Amino acid sequence: MAPKRPGGAGAFPIPVESPAPNPPAQAELYAALDLGTNSCRMLIARPTGSQFQVVDSFSKTVQLGSGLGATGRLSRSSMARTVQALRICQQKLKRHKVKRMRLVTTEACRRARNADDFIRRVKRETGLQLDVIKPEEEARLAVISCAPLVSSKTEQLLVVDIGGGSTELVWIDLCGVPECDRMQAIMQLHTGFAARENDRPAARVVDWISVPLGVATLRDQFNDVEDDAARFALMSWFFEENLAEFTPYKDEQSRAGFQIVATSGTVTTVAASHLGLKRYDRTKVDGLRMTSDEIDKVIRGYLDLGPLGRRRDPRIGQDRQALIMSGAAILQALLRCWPTDRLSVADRGLREGLLYAQMSADGVLEPGPC
């Protein structure tokens, strides 16, 4: 029997818009911090035209959710690692004199019984106030971060954000939006997934779901399975079972006009392996299009390598080798449901979505080119 769908998924709450803040000074810096189940990442940027320019960044594997599935609590060691990383973020924010920022945390803090204690500790020791966001906001932030990668020819769009503790999927219908306006229509979803009454054609969210399985939590579910190939197969089928109530799951989709945009460390690692990169290069990976067959070939190569071979592969690395197969299992399940010749790899995610949302709300971004 398929696991019960997480509460809230698929529901479209009426968006509530807060009063617009005072317009920021020209070239004022913005910051976005994403504290996930596995990683702590931050960007500091300034708006430039329809995009933004990164001024400083930070990324570190902290494994905040380590052991959470077994205990229901954040461990002392994971909290200590995370606070140490957040101190570095606080120093960067202070150095750049950033005033406009959004600092969020996701699935690990949504689930942990001691999350409130942890957030108070972060505030006490670093001065940073973390905001635990709901799955719906996490999903729409992932969507708007990927807007620049959506083709003007795309009519049906599936955005997938594979995180450490959860995976968000959003299906968007763009058929009624003129080709030139599709990117801007997706950006407008930063205020919510509910349909809006206006004269302009809008992107329509058909359905969305937040599956409480990411690369870390899915791996932990099957840690007791010793055989590498068997564990991979079980993870992939188990994840697919969690999609059973996702509306577009039951509908056969034509490859024409259909695009998947996937964002995660898993998909960027798969892309780097496909390209044969000896050293990771974001400019070659972000926006790369891959077919289902190309992705399947890389995943089969990972299985042939085995745990030791994956650990030695420079494209995977020591930090990611423990998580790459659970991520690949999720990716394979998605492509089994929706084969495509147009999967776009996104080296972007919550941080970029947070920046776009803040800048869009402040009116400092120019309309994108057609």
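Predicted model: local features only at pLDDT ≥ 70, side-chain atom pairs only at ≥ 80, totals over all residues.
Angles under 35 degrees count as roughly parallel, over 145 as roughly antiparallel, 65 to 115 as roughly perpendicular, and whatever is left over as oblique.

Start with helix α2, which spans residues 76–96, and helix α4, which spans residues 115–126. Their axes come within 10 Å and cross at roughly 40 degrees, so α2 and α4 sit oblique to each other. The crossing of this pair is right-handed. On the α2 side, the residues that meet α4 are Met79, Ala80, Thr82, Val83, Leu86, Arg87 and Gln90. On the α4 side, Phe118, Arg121, Val122, Glu125 and Thr126 take part. Sorted by class, the contact of α2 with α4 has six nonpolar, three polar and three charged residues.

Two of those contact residues also pair up by charge. Side chains of opposite charge can pair when their charged atoms come close. Glu125 forms a salt bridge with Arg87, and the closest N and O atoms of the two are 2.8 Å apart. Since Glu125 belongs to helix α4 and Arg87 to helix α2, the pair ties together parts that are 38 residues apart in sequence. Across the whole structure there are 23 salt bridges.

Next come helix α5 (residues 135–145) and helix α14 (residues 350–362), whose axes come within 7 Å and cross at roughly 85 degrees. That angle makes α5 roughly perpendicular to α14. From α5, the contact draws on Glu138, Leu141, Ala142, Ile144 and Ser145. From α14, it draws on Leu350, Glu352, Gly353, Leu354, Tyr356 and Ala357. By class, the contact of α5 with α14 has seven nonpolar, two polar and two charged residues.

What does Leu365 touch, leaving aside residues up to four places away in sequence? The list is Pro47, Gly49, Ser50, Gln51, Met187, Tyr356, Met359 and Ser360. The C-alpha atoms of Leu365 and Phe52 are separated by 8.3 Å, although the two residues are 313 residues apart along the chain.

The mean pLDDT of the chain is 87, with 89% of its residues at 70 or more. Confidence is highest in α4, at a mean of 98, and lowest in helix α12 (residues 317–320), at a mean of 73. Over residues 1–6 the pLDDT is below 50, and this stretch has 15 contacts in the model beyond near neighbours in sequence. Residues 10–21 also stay under 50, and for them the model has 21 contacts beyond four places in sequence.

Terms used. Residues numbered from 1 in each chain as written. Heavy atoms only, no water. Axes fitted to C-alpha atoms, helices over the stretch in contact; angles between N-to-C directions. Helix = DSSP H or I, 4+ residues; strand = E, 2+ residues; numbered from the N terminus. Left-handed = near helix turned anticlockwise from the far one by under 90°. Contact = heavy atoms within 4.5 Å. Nonpolar A, V, L, I, M, F, W, Y, C, P; charged D, E, K, R; others polar. pLDDT = per-residue confidence, 0-100. Salt bridge = Lys/Arg side-chain N within 4 Å of Asp/Glu carboxyl O.
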